[in-house]
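Please look over the sequence and the model shown here before reading on.

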Amino acid sequence: MAVTERPSQLTEQSNPIVSRLRAVVLSKEGILFLIMIAAMLILSLLTDKFLTTNNLLNQLRLVTEIGLMALPMTFIIITGGIDLSVGSIFGLSAIVMGFLWQDSGWPLELAIIMCMVVGTTAGFMNGLFIVRVGVPPLIMTLATLALYRGMALGVSEARSARGFPDWFFDLGQRQFLGIPSQLWILLIAAIIAGIVLARTPFGRGIYAMGNNELGARFSGIPVRLYKLAIYTFSGFMAGLAGYIFTSRISTTRADMGTGLELDVIAAVVLGGTSINGGSGSIVGTMIGLILIQLLKNGLLLGGIKGDATIVIIGAILILAILINNLVQRRTGGD
Amino acid sequence: MGAILELENISKQFPGVKALDDVRFDMAAGEVHALLGENGAGKSTLIKIISGVYKQDGGTIRLDGETVSFNTPREAQQRGIATIYQELSLYPELTVAENIFMGHAPRRKLGPIEVLDWGAANRRAQEILASLNIHDLDVTRKIGTLTVGNRQRVEIAKALSLNARILIMDEPTAALTEADVERLFNIVRLLRERGVGIIYISHRLHEVFELADRVTVLRDGQYVGTKPVSETSEDDLVSMMVGRTIDNLFPKLETEVGKPVLEIRSLWRKPLTRGVSFQLRAGEIVGLAGLVGSGRSEVAQVIFGINPAESGEILIDGKPVTIKHPGQAMNHGIAYVPEDRGTQGLVRQMRIRENVSLSVLKAIRSGLFINRKQERSLATSMIKQLNIRAYSTEQVVNKLSGGNQQKVVVSKWLASKPRILIMDEPTRGIDVGAKAEIHRLMSELAREGLAVLMISSELPEILGMSDRILVMRGGQVVAEFSRQEATQERIAAAMMSETAGNGAAKSETMMIGESETA
């Protein structure tokens with residue numbers, strides 16, 4: 001996408017196709033992709049249970065929720081912001097859905113819609129305070145991380161909602177055209193988000209804001225509107241993810257998704273999005289997301305003990321970032 | 001005089017551009033050697049090579065006759081070469097003494113361990129400052145609380161604390177008040193007497209004549225010549241710099257002044273826009289003069305919707321309009337080239353293409369998407385039209401020289417095809433050549449029927465370019481002159497009037513006498 005197309009300055013005179021290819025391979029996303037392939041090969045040597053279509057598809061099913069939230073998070077981090085409240089919105093939306101149906105007797109279809117309405121509203125409130133009152137995103141979403149979680153706990157009174165009708169599990173537990181149903185949603189959402197970010201005026205505005213917000217404003221980019229949009233979008237996606245998650249695990253509790261925001265941010269940042277804003281891509285985020293999950297799963301299947309797994313994953317993440325920084329510096333990328 | 005520093009056949013290649021080509025330079029102890037050239041001529045590259053930031057691709061550097069090669073700025077520093085950059089590189093949260101001795105503070109033994117001796121550092125800092133005839137600076141104050149002039153003195157003291165024998169000063173007077181400039185000159189003369197060699201870069205030619213012994217001119221990365229200052233003149237230097245004679249820095253064309261396009265009526269936005277009214281007509285360049293803090297930029301930003309008006313009317317073609325944000329102003333055909341190109345005018349980390357199209361993203365869509373082809377050809381045509389020196393539309397703006405960056409800002413706003421163009425300090429900090437080009441462009445645009453409002457602190461520019469001149473003071477328009485009646489004295493008097501006696505006014509008086517090379 002936009003960011004990967006950076007023409008390598010060192011190969012200006014060579015064959016355009018070769019230099020284009022070189023640019024793609026040496027881009028942050030390209031390097032990360034190679035690291036992912038290498039990791040997959042090594043993991044497949046540890047155990048023959050890892051590299052099977054079934055296992056891989058199942059792993060993707062497990063990361064769909066994180067992936068959906070990582071899409072708006074990519075936009076937000078590119079603008080130099082952050083949304084720490086997604087895990088709490090995720091939990092709040094799902095618990096509201098569960099109890100509207102179980103306690104208040106709402107039709108489940110309506111409760112599902114409310115799940116997303118609650119998420120969207122929660123995200124909108126984040127955006128509104130960030131834009132109108134000027135609260136830094138880190139502070140605002142740290143506050144709502146606690147606030148929304150507290151509301152979820154209040155609604156549930158430590159109970160869980162369960163016993164959903166069978167059709168409710170279609171999305172989370174079944175397949176559509178041979179692929180886990182929810183994966184279709186992630187796939188379509190990722191493609192749309194990727195194109196919006198790379199090709200539209202809105203996406204360009206997001207990058208401009210992340211590099212120089214004042215400069216973007218002086219160029220007529222509606223900075224506040226765009227910010228409001230991405231935080232609202234983030235809330236909506238957290239709501240959607242909450243619904244999918246509930247459908248996958250059949251039940252909902254108020255502490256659902258605690259700490260999930262860190263997994264989301266990890267995928268985005270590993271995917272090459274600068275935490276300082278200004279650069280990043282959806283492709284990168286998706287590779288980051290998949291890389292982390294495959295490492296977790298492959299090491300587990302390979303019989304490596306739980307504690308060691310976390311250490312290895314941490315080390316590989318740092319290594320991946322180091323390799324990428326080195327390559328980007330060598331090739332003159334910024 | 002024996003040369004302490006000699007550079008021969010220096011060349012440096014950056015991707016797509018030859019920054020330096022066979023350049024030489026030499027300096028003697030106790031010499032002030034001015035380095036001149038337009039923005040992009042290679043001055044910055046040359047001093048970065050001397051100070052070890054870049055490594056030359058070819059050529060030799062000799063220090064006291066011995067060939068040297070610096071891999072890092074630190075190595076150059078250890079050999080006595082210190083640089084004072086345009087953007088000062090001090091730590092605002094640390095004290096004067098801490099900044100001076102950053103990295104090489106005196107130490108003392110505390111039992112078995114060595115600790116930094118801040119008492120000694122304070123004393124030595126005091127001594128160094130005293131040796132520069134600076135007695136009014138408290139070494140325990142935080143840098144952040146000092147004026148720009150004082151910070152610069154600290155930079156110089158820092159260089160001396162490293163026993164610098166060669167001091168490179170990159171546009172040291174750009175941000176100084178008149179009094180500070182005078183003090184700086186005295187310090188430079190003092191250092192010269194002590195045998196320090198000084199490489200002095202400035203766009204202000206009169207400073208070169210006041211201070212320098214010799215001058216070397218670069219153009220487009222090439223060595224043009226070195227002359228003793230006593231054997232040259234301003235005209236001579238300008239023609240060496242631009243490679244042609246600039247016969248007219250203010251190419252004002254006669255224009256047909258048409259109907260009023262923009263009219264504002266008692267516009268208020270406290271604190272610095274207090275009931276401002278004026279008209280702007282098609283084909284007219286209106287100069288807006290005033291001291292810093294008189295409300296010139298503020299009015300412009302009210303009109304452009306950055307800080308929308310609290311009350312008052314804005315009329316476009318005689319019809320009242322609402323402008324609450326820049327997008328609305330742009331829809332009405334208003335463009336604003338802001339004062340600070342680094343923070344307001346550009347997104348410097350992005351490419352030329354992306355900056356130029358930033359104001360017209362919605363207009364160059366096909367369907368929902370940005371039309372890349374159209375975007376690229378827009379940038380290409382702007383590079384051609386404004387003569388922007390860049391190797392491609394894909395160059396990151398940060399890598400361009402100041403004058404070329406300013407042209408990118410201007411092209412962004414020309415791309416929006418405005419009818420009303422507000423230019424805030426359009427030629428600040430750019431070289432004569434680029435300056436003349438921007439003036440010519442402004443004049444041509446006015447002749448094509450644009451209404452131009454030009455804010456400037458340089459009275460020669462105001463006088464040279466404007467059809468009509470408005471003067472602001474304290475958030476109000478206090479005087480208006482036609483091109484015929486305007487003189488420097490009348491404008492300056494209106495700017496300051498009897499009530500002005502503060503520091504800001506004083507610093508600004510400097511700009512009045514300054515006409516660069518006009």
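Does A:Gly272 count as buried or exposed? A:Gly272 counts as buried because it has 27 C-beta neighbours inside 10 Å; a residue is buried if 20 or more other C-beta atoms lie within 10 Å of its own, exposed if 12 or fewer, and partly exposed in between, with C-beta atoms placed from the backbone.

This is a predicted model, in which local features need pLDDT of at least 70 and side-chain atom pairs count only at pLDDT 80 or more, while totals for chains, interfaces and linings use all residues. Residues are numbered from 1 along each chain as its sequence is written, and chains are lettered from A and ligands numbered from 1 in the order in which they are written.

A:Gly272 sits in the loop between helix H12 (260–270) and helix H13 (282–301) of chain A, where helices (H or I, at least four residues) and strands (E, at least two) are DSSP runs numbered from the N terminus. Although A:Gly272 and A:Ser27 are 245 residues apart in sequence, their C-alpha atoms are 9.6 Å apart in space. Leaving out residues up to four places away in sequence, A:Gly272 touches, among others, A:Lys28, A:Glu29 and A:Asn324; two residues are in contact if their C-beta atoms, placed from the backbone, lie within 7 Å.

Helix H6 of chain A (residues 137–156) has buried residues that include A:Met140, A:Thr144 and A:Tyr148, and the buried residues of this helix pack against helix H4 (86–102) and helix H5 (108–133) of chain A. After H6(A) comes A:Glu157, whose phi is positive, near 45°.

The largest nonpolar core has 170 residues, and A:Met69, A:Val264 and B:Ile422 are among those that touch the most other members; such a core is a set of buried Ala, Val, Leu, Ile, Met, Phe, Trp, Tyr and Cys residues joined through C-beta atoms within 7 Å. Helix H11 (residues 223–249) of chain A gives the most to this core, with 13 residues. Apart from it lies another core, of 64 residues, including B:Leu5 and B:Phe101.

Between the chains, 27 residues of chain B are in contact with 20 residues of chain A. The side of chain B that touches chain A divides as follows.

| Kind of residue | Number on the chain B side |
|---|---|
| Nonpolar (Ala, Val, Leu, Ile, Met, Phe, Trp, Tyr, Cys and Pro) | 13 residues |
| Polar (the others, Gly among them) | 8 residues |
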